[in-house]
Amino acid sequence: MLTTVEKDVAQTRLQAAVEEMCLTLRRASRSLYVRDAADFACAVADLSGRFVAYPQDVGVSGFVGLDLTPAIEAATADGPLAPGDVVLTNDPYLSGGLSTHLPDVHAIAPYFDGDELVGYGWAFVHVSDVGGRVPSSVSVLNDSVFAEGLRVPPLRYVRAGTVVPEVEAILAANSRTPEANRGDLHAMLAALDTGRRRVGELTDALGPAGLADVGRFAREQSAARARTALRTLADGTYRFEDFLDNDGVSDVPLRVVVTATVDDGTVHLDLTGTDPQVEAALNMVTFGRAHSWVVTRLFAIVGTLDPAVPLNGGLMDVIGFTAPAGTLLNATGTAATGVRHATTSRVNDVVSGALVQAAPEVLPAASSGLVVPVVFAAADGSRVDVVEPMVGGTGAGTARTAPTAATRASPTCRTTPWRPSRRTSPCACCATPCAPTRAAPGAGAAGAASSSSSRRSPTARCSRAASSACAFAPGDSRAARRVR
Amino acid sequence: MASPLPRHRWRIGIDVGGTFTDLVAVPGDGTSWSLADAITHKVPSTPHDPSEGVETGLAQLLARGIDVADVAAVSHGTTIGLNAILQGRVARAALVTSHGHRDVLQIARARMPRSFDLHATPARPIVPREHVLEVEHRFTAGGDAVGPEVADAELARLVARLEAVAPEVVAVSLVGGYAARDAEQRLAARLEAALDLPVTSAAAVWPEAGEYERTTLALLDAQITPLMTAYFTALRERLARLGVDARVYITTSNGGSVSIGSAMRRPVQTVLSGPAGGVSAAATAWPGTDMVTLDMGGTSSDIGVLRGGRPVLTTTATVGQHPLMTPVVEVSAIGAGGGSVVRGDRSGARPVLRVGPASVGAVPGPAAYDAGGTEPALTDAYVHAGVIDPHTFLGGTFPLRADLATQALARVADDLEHDGPRTEVADRPDGADRAGGAAHQADGVADAAFRVASAGMAARLRTVLAAHGEVPEQYTFVAFGGAGGTHAALLADEVGVGRIVVPAAAGTFCALGAAIAPVRRDVARTVRTTLADDTLDALTAVCAELEAEVLGWLRTQEVDATGTVTLSADLRYAGQPTTLEVVLAERSTGDTGSEPPRVAVDATLRRFAEQHERVHGFVDHAATVRAETVRASVTVRLGDVRPGSVGGTFVKTGARDVRYDGTPRAATVHALVPHGGEASVAGPAVVEKADTTVLVPVGWTATSDDGGNLHLVRDRAETEG
């Protein structure tokens, strides 16, 4: 029986371990997605398949609530995992919702104490390309998962410490960027090795059951803190809806509806009424369960009210979820999922719209809702520069949540300095103004807060208006002209 | 100190802290010397006018036997600029930028500080939007002006608009200005003449691409210019009053120092010099060693990393929330300090013990200070656990109350067990009497406090090193600050470090850093070119230009000794988002002259590959390598510290029980003496020095050298057993 201090100290060490895993992965990778966009993460799970420790400051935060169990079950149907095995998968359907679109390749390594399985290391990377209809594999116009590239069911990529050559060959043959992918996969393996060493140190000190004890403790601690934070929301049932403009194929807007029930520090999200799944890549696979990627706004509320809450699977213990099969948030069959972030971003906004009624001082109004990657491409396709993610502003809020030109849609992305983009693109950036203040009616305290300031504050919806102010002058960077 | 001090030329280092102003005098005639030759002095700081404390301290130090005529140099570290920025006590500034870019400070990098925080807000713009004015003047990335120079009529309009803002200082930062320094400086000079105010050109301060960072740097520089000018002027006057006509240097954030004139012209280079001082001191005292400095003070512990004896610099440091793009010594806070509050945290399902981040502060201080504080601090745990002797703390000048420490810690145990599930730290034997029960409770809290504090510090230490691709095991801790020596071995055990140095002047180590910081200047130029044979001439030309610039600067610094010019470049594989700084060429200032610096493509690519392999774990021989920024630095070392040889000895002064890992142990207590004692001490032991208490746990052996430094080494058998 471990003491509280032992479990607490072990939790702190695991926290360092998962961050070290991330830094190992980042160091060993050279893809832009990993290094610049930080589109990766690592964590350690115990035998429950849920995370004991998850990185706080590096990588993607939204996967803290993933459950590895369905993917592990799928991979072990024909026999248990052995030391040195690593499972790989990228398919939302075949991994039981572990992956959310095909470019996210997930790796799971079983960790042993001697012969005894004690837990798992986990890593994922958004790789550059997994084949399919378009370069980078992601297009809203993909009409089924088969158009989106190679589907990898949970299978052994590494067996007893050796990469399975047949698997590697299939992966390489199905990507436009095989070398970069291989680098990313091997970076994940390096990270999983780091995790194995650290978990080994933990079980050496605390015994084979140590990780389970620490896992239970860590999740109970975070769940209790999450519950305390969510008790700030007034009990009740709140409804809100919003739309995606269209599905890219037709002009029909897509409805996203949530009925949020707050009950004594727990929140149930019922997405019933949301539109059916579409023949475009806007679907999200959840199997009707609370999926980490769909409930990130609730994590954000908890993190706002309790900034020091340790991130682990316990955060999911206060969250319930319903979404009927065949709808946007519980897609079935072979629906395409590449641009699922557009849909979940709208879920964030409707969750905010619902819960702002329960805690107006905590939640800001809806933000601009999307991030537009600005891409300059030569007409002949010889050159493509992803200049920067152009962001909208934050939603209005109370004085504490004054709107800014930054975004919450993708808090970790950042703009690029003007000069490199001017240098690498045949294009000059002539102006980067904030749009004037536009406090929407009903923003209430927010509008008042920003307009009562004697300054012209940066605005509720503020964008870097690069596209409207820049001229594209192919072939000559000096010839750029301002459009007036 | 009855005997007269040996006749030397002296170099005096001064570090102004929040509580104390520390002074250290070291032999300053360029010869090698031992740390034992250093003379240290401490006086209270005078926050209303820090130069007053400096004058008092210097007068007292001189009175200890230093002839004012023998003072060769005074080197001063100050956090005045930093504090002014953090507290917002800066000059009212206006910014002039190119048309269309007025919101450069609002937009920044459009990045949120935290993911899961709906209330997170980006840095407040360094100056409000209405203080930002646009002018129709900009440059291409190649430095060519777009359109004509600002006409007199437009300048007059600009001046009128600026006057309406009523600034005290102005910064100019134009699009492309980094590539057109002369033109931007010309505009700044015209504005300065018209406004009769200090006007800072961003391109003059740091001509590197990155508009938000460069503009911010220029504004920070402008904002602290009046304050720093006034301070440096007052300092000069006070030194003159004492008859000190020595050269005056100011330490800088890159771990070096510059003449006071240079510091006045570009004060922003001094803002992070305080924490850099300890790292510089380690670099000079133990060259060539892989070290982590552990500065454990009252509120936090800070670490710096030295790889092969060279401080690791960063170009992504921040001041408050503002980026500082110039290279500065990387110093990271890793957790608790001696004053960190030990408390029960009941926010989760079970109460847990936490150490920090809150601090009891200097007033009331830890409960043991008997100044009214009831919250226990980590220092109280040291006192209760017998690590710190209440009667000999700070050489016995500051008696502590162990009973108050014990009571305060016992109250935390009550809090941990109160109505929640029972926690083990509160276990106590049945029938224990009340006082015994309190002592027992306090034991549990102190045990837990050490473990929790060490685990938290270790976690941050590991991630700081992991970011550089390093693990702690090969490093030596250099532990200073009030509690550095006390906690260093506990942290070392947690992370697997096997060697610790507690320097002789542990309590004044940053001042020592000021005294021995080399004279140093960094410059940089954005180049953005491939690194290949056909670009070599252009690259060499930039190198020659930068070398000439730092050498020209060096001639203004009144330094006689020869130094080193290092030319380096930030290199990356094409398409890679991050760069590595790779040395292009290095030579003595004495060897510079008619020959331009020699840059070899092959050797540079080889060095890049080696570094890339180490930091990133792979090499790509086929990929194009690009140079983004070329850097030059000139460094002149002002004498060497002689490595201490084994020679110091220990005398046993007592014995007491200590507990630092949950088990009470009988420890011996020792003091350092130059001769005649034991050559080494095996743990469990405590070595008491005038300015700090050093814990030597079981499995560690302490030795000392003739420089007065303490060396702790973990016994091999113990690590394996």
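The following legends accompany close-up views of a predicted model.

**Figure 1**
Helix α7 of chain A spans residues 296–305, and ten of its ten residues are buried, so the helix is largely enclosed by the rest of the structure. Among contacts in chain A with a separation of 6 or more, 70% join residues 24 or more positions apart.

**Figure 1. A four-stranded open sheet in chain A.**
The strands of this sheet follow the order β8-β9-β10-β11, and their pairing is mixed. Strands β8 (236–244) and β11 of chain A stand at the edges; each has a single partner strand, so one side of each is left without a neighbour in the sheet. From one strand to the next, the twist averages 20°. Within the sheet, β9 (residues 254–263) and β10 of chain A run antiparallel and are joined by five bridges. Along this pair, D263(A) of chain A stands opposite T266(A) in β10(A).

**Figure 2. The loop residue D264(A).**
D264(A) lies in the loop between β9 and β10 of chain A. Its phi is near 50°, a positive value in a residue other than glycine. Is D264(A) buried or exposed? D264(A) has 10 other C-beta atoms within 10 Å and is therefore exposed, since a residue with 12 or fewer such neighbours counts as exposed.

**Figure 3. Two domains of chain B.**
Chain B is divided into domain 1, covering residues 89–218, and domain 2, covering residues 519–636. Their C-alpha centres lie 29 Å apart. Five residues of domain 1 of chain B are in contact with four residues of domain 2 of chain B. On the domain 1 side, the touching residues comprise four nonpolar, no polar and one charged.

**Figure 4. A four-stranded open sheet in chain B.**
Here the strand order is β29-β30-β32-β33, again with mixed pairing. The edge strands are β29 (649–658) and β33 (693–696) of chain B, each of which pairs on one side only. On average, neighbouring strands of this sheet are turned by 25° against each other, direction ignored. Nine bridges connect β29(B) with β30 (residues 665–673) of chain B, and the two strands run antiparallel. In this pair, D657(B) stands opposite A666(B) in β30(B).

The peptide bond from G356(B) to P357(B) is cis, with omega near 5°. P357(B) belongs to strand β22 (residues 352–359) of chain B. The bond from G683(B) to P684(B) is likewise cis, with omega near 5°. P684(B) is found in the loop between β31 (680–682) and β32 (685–688) of chain B. A further backbone feature is the phi of R528(B), which is near 50°, a positive value in a residue other than glycine. R528(B) is located in strand β25 (residues 519–530) of chain B. With 16 other C-beta atoms within 10 Å, R528(B) is partly exposed.

Definitions and conventions:
Residues are numbered from 1 along each chain as its sequence is written. Chains are lettered from A and ligands numbered from 1 in the order in which they are written. This is a predicted model: local features need pLDDT of at least 70, side-chain atom pairs count only at pLDDT 80 or more; totals for chains, interfaces and linings use all residues. A residue is buried if 20 or more other C-beta atoms lie within 10 Å of its own, exposed if 12 or fewer, and partly exposed in between; C-beta atoms are placed from the backbone. Two residues are in contact if their C-beta atoms, placed from the backbone, lie within 7 Å. Two strands pair if DSSP finds at least two bridges between them. Axes are lines fitted to C-alpha atoms, for helices over the stretch in contact, and angles run from 0 to 180 degrees between N-to-C directions. Domain bounds come from an automatic or database domain assignment. Ala, Val, Leu, Ile, Met, Phe, Trp, Tyr, Cys and Pro count as nonpolar, Asp, Glu, Lys and Arg as charged, and the others, Gly among them, as polar.
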